[in-house]
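Work through the exercises below with the sequence and the 3D view open. Each task is followed by a solution in steps.

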Amino acid sequence: MKNEPMKIQFERSGGVAGMRMTTTVNTETLPAAEAQMLREMVDKAKFFDLPAVLATSKQGVDRFQYRLTVEVGGRRHTVETGEAAAPQTLQPLLERLGAMARRK
């Protein structure tokens, strides 16, 4: 997955205000360093090995819910997770994409 174009669809919903935030990122349109950083975050999260739904017994009101779809090299995978269920390895990617969505 070194320099293959990657498309990421990010959606965050819930939270105190219940606002929905979305963005679609295409690494072909990003500066090379930022595109590489996203590729590395996807790799470190072992994104394509994650189950489609990550759940936890710790349900809480006002928590964020995420839906993340990554397409690269003919593969496409979607993961839905709550804030409390997101693995530590996935959190940097969620935070980065959240920041990118706020900029739009």
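Strands are DSSP runs of E with at least two residues, and they are numbered from the N terminus. The model is a predicted one.

**Exercise 1. Find the strand that holds Thr23, and decide whether Thr23 is buried or exposed.**

Step 1. Thr23 has its place in strand S2.

Step 2. The cut-off for buried is under 20% relative accessible area. Thr23 is buried, because its relative accessible area is 5%.

Step 3. Look at what surrounds this residue. Setting aside residues up to four places away in sequence, Thr23 touches Ile8, Gln9, Phe10, Leu97, Ala101 and Lys104.

**Exercise 2. List the elements of the protein in the order of the chain, then give the order of the strands in the sheet.**

Step 1. There are 2 helices and 5 strands. Read from the N terminus, they run β-β-α-β-β-β-α.

Step 2. Take the pairs in turn. Strand S1 (residues 6-14) and strand S4 (residues 64-72) run antiparallel and are joined by 9 bridges; within this pair, Ile8 has Val70 as its bridge partner. S4 and S5 are also antiparallel, with 8 bridges, and here Leu68 has Val79 in S5 as its bridge partner. S3 and S5 run parallel, with 2 bridges, and Leu54 stands opposite Thr81 in S5.

Step 3. Check the turn of the S4 and S5 hairpin. It has 2 residues between the strands, and Gly73 takes a positive phi near 55 degrees.

**Exercise 3. Describe the surroundings of Leu90 and Phe47.**

Step 1. Leu90 lies in the loop between S5 and H2. Leu90 is buried, because its relative accessible area is 1%.

Step 2. Apart from neighbours within four places in sequence, Leu90 is in contact with Ala45, Phe47, Leu50, Leu54, Leu68 and Thr81.

Step 3. Compare sequence with space. Leu90 and Lys46 are 44 residues apart in sequence, and their C-alpha atoms are 8.3 Å apart.

Step 4. With the same exclusion of neighbours within four places, Phe47 is in contact with Val42, Leu68, Val70, His77, Val79 and Leu90.

**Exercise 4. What share of the residues counts as buried, and what share of the accessible surface belongs to carbon and sulfur atoms?**

Step 1. Of the 104 residues, 38% count as buried.

Step 2. The accessible surface comes to about 6200 Å², and carbon and sulfur atoms account for 49% of it.

Step 3. Among contacts with a separation of 6 or more, 66% are between residues 24 or more positions apart.

Technical notes:
Residues are numbered from 1 along each chain as its sequence is written. This is a predicted model: local features need pLDDT of at least 70, side-chain atom pairs count only at pLDDT 80 or more; totals for chains, interfaces and linings use all residues. Side-chain values use heavy atoms; hydrogens and water are left out. Two strands pair if DSSP finds at least two bridges between them. Helices (H or I, at least four residues) and strands (E, at least two) are DSSP runs, numbered from the N terminus. Contact means heavy atoms within 4.5 Å. Buried means under 20% relative accessible area, exposed over 50%, partly exposed in between (1.4 Å probe, protein chains only). Accessible areas come from the Shrake-Rupley method with a 1.4 Å probe; for residues, only the protein chains shown count as cover.
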